[in-house]
Amino acid sequence: MQLFEKIPNNVNLSQDKRLLRALEKWQPDYMKWWSEAGPADFQADDIYLRTAISVDAKGWAHFDYVKMPDYKWGIFLAPPEDQRKIGFGDFFGNPVWQEVPGEFRNALRRIIVTQGDTEPASVEQQRLLCNSAPSMYDCRNLFQVNVEEGRHLWAMVYLLHAYFGRDGREEAEDLLERRSGDVDKPRILSTFNEPISDWLSFYMFTMFTDRDGKYQLLALAESSFDPLSRTTRFMLTEEAHHMFVGETGIGRIVKRACELMKKDPNEDARKDGGLDLDTIQKYVNFWYSSSLDLFGGEISTNAADYFASGLKGREHEDKWEDHVALTGSYRLPVMEDGKLTERTIPMRNAMNEVLRDSYIDDNQRGVDRWNRMIAEAGVNYTITLPSRRFNRTMGIYSGHAFDPRGNPISREEFERRKGEWLPSAADREYVNNLMQPVLERGKMANWIAAPERGIKGQPLDFEYIRRV
Ligand SMILES: [Fe+2]
Ligand SMILES: [Fe+2]
């Protein structure tokens with residue numbers, strides 16, 4: 001790996017002049033996008049960031065001060081696995097592909113573009129948050145997430161340029177043209193067009209939406225197209241930090257809420273300017289249900305085709321016994337004549353649902369950790385994940401109304417009660433009013449507890465951002 005190269009990489013870029021030229025041509029457009037759509041401030045300041053410099057477990061991350069526009073956005077693929085074989089689907093056991101098979105070219109391009117589109121989208125959604133950070137530590141974490149999402153865009157653009165010729169180059173340009181929330185050129189998936197204007201939403205996004213990213217990447221890490229598998233395997237190492245930011249961010253707000261409740265005779269966390277657990281629960285309901293939509297339809301021929309052709313597997317395919325999945329089935333609750341009933345569908349058509357199951361379990365583990373903190377604080381409250389049927393806008397449940405426990409209800413009842421379950425305009429206003437920047441070293445906004453430790457062994461009052 002050469003850090004002094006213009007585009008740091010472990011793909012031998014200097015040996016491929018055509019590809020190098022294509023990426024060097026794309027780079028200024030990327031920088032233009034970053035300056036227009038990246039963080040709205042702090043671009044000239046020194047930020048204590050980690051940069052990927054290699055792919056081996058010990059040496060991949062380098063921590064130092066860097067100005068964000070000087071961040072080294074590199075191209076890193078996990079090392080090739082010797083003699084890797086296709087792990088699932090119709091071609092199970094064949095050697096993996098180093099080139100794109102003609103018949104799957106369009107499907108693969110679509111998968112890569114859809115994944116790639118989410119990366120810059122999240123940076124755009126979070127663009128204004130730096131103006132209201134609850135601490136220097138948090139502001140630095142936001143920037144870390146942002147530069148790494150930028151690198152994930154590079155990862156997908158590398159694949160488009162290296163393997164998809166002219167169409168790939170055009171897609172790479174379009175990835176810089178679309179903008180989150182734009183009326184004419186929105187991002188592809190609706191969750192990535194939701195504005196993130198407050199930090200509670202930011203932590204919810206990194207907890208729930210980045211975790212959808214983790215599961216999509218885990219499914220793509222199984223892909224028969226080896227360069228895609230290797231790219232996503234390295235992206236997963238960065239993704240873990242994004243979910244750490246989300247889970248611990250919400251955990252710290254929960255902890256602070258409990259502290260404030262204990263101080264008030266009526267256990268009202270808002271009384272002293274905190275965020276209360278009911279509001280946190282409503283934001284969980286909103287972001288979790290929105291993130292569930294990202295997994296696609298419950299009964300999906302697309303998912304079946306992707307599995308059959310070996311493009312997209314299940315997460316950790318090796319934990320399953322049957323890698324062909326032609327005979328298995330899945331029991332799915334469906335609505336029929338206004339009632340919930342179960343239907344049996346072929347396993348391959350249920351691949352989105354199988355991935356969603358793993359995602360839900362993973363979220364529940366995080367929620368359990370928050371609930372342990374609440375119990376330890378001596379507060380009687382349980383945060384719950386709503387049913388997967390609640391508040392969906394995609395898939396088989398989207399045409400029906402459900403309460404958070406998943407019971408079918410009438411549209412009227414949903415409309416009447418949605419203020420109990422989802423953030424109301426007043427809740428959003430309350431949350432937004434709390435968002436006042438706190439940037440003195442070591443200080444925290446009143447509504448969030450301090451983290452347990454600093455970054456990379458640094459103290460909590462370390463100067464994570466040096467303003468110049
Ligand atoms: Fe990402
Ligand atoms: Fe992420």
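What percentage of the contacts in the protein chain with a separation of 6 or more is accounted for by residues 24 or more positions apart? The share is 69%, where two residues are in contact if their C-beta atoms, placed from the backbone, lie within 7 Å.

The model is predicted, so local features need pLDDT of at least 70 and side-chain atom pairs count only at pLDDT 80 or more, while totals for chains, interfaces and linings use all residues. Residues are numbered from 1 along each chain as its sequence is written, and chains are lettered from A and ligands numbered from 1 in the order in which they are written.

The protein chain contains 11 helices and 7 strands, these being DSSP runs (helices H or I, at least four residues; strands E, at least two) numbered from the N terminus. Its radius of gyration, 23 Å, is close to the 23 Å given by the globule rule for 468 residues, so the chain is as compact as a globular protein of that length. The radius is taken over C-alpha atoms, and the rule is 2.2 Å times the number of residues to the power 0.38. Along its principal axes, the C-alpha trace spans about 70 × 65 × 40 Å.

One helix pair can be followed in detail. Helix 6 (residues 226–263) packs with helix 9 (residues 351–376) at an angle of about 20 degrees, their axes 9 Å apart. Axes are lines fitted to C-alpha atoms, for helices over the stretch in contact, and angles run from 0 to 180 degrees between N-to-C directions. The two helices are therefore roughly parallel to each other (angles under 35 degrees). In this contact, E247, I250, G251, V254, K255 and C258 of helix 6 meet G366, R369, W370, M373 and I374 of helix 9.

Methods
Parallel < 35°, antiparallel > 145°, perpendicular 65-115°, else oblique.
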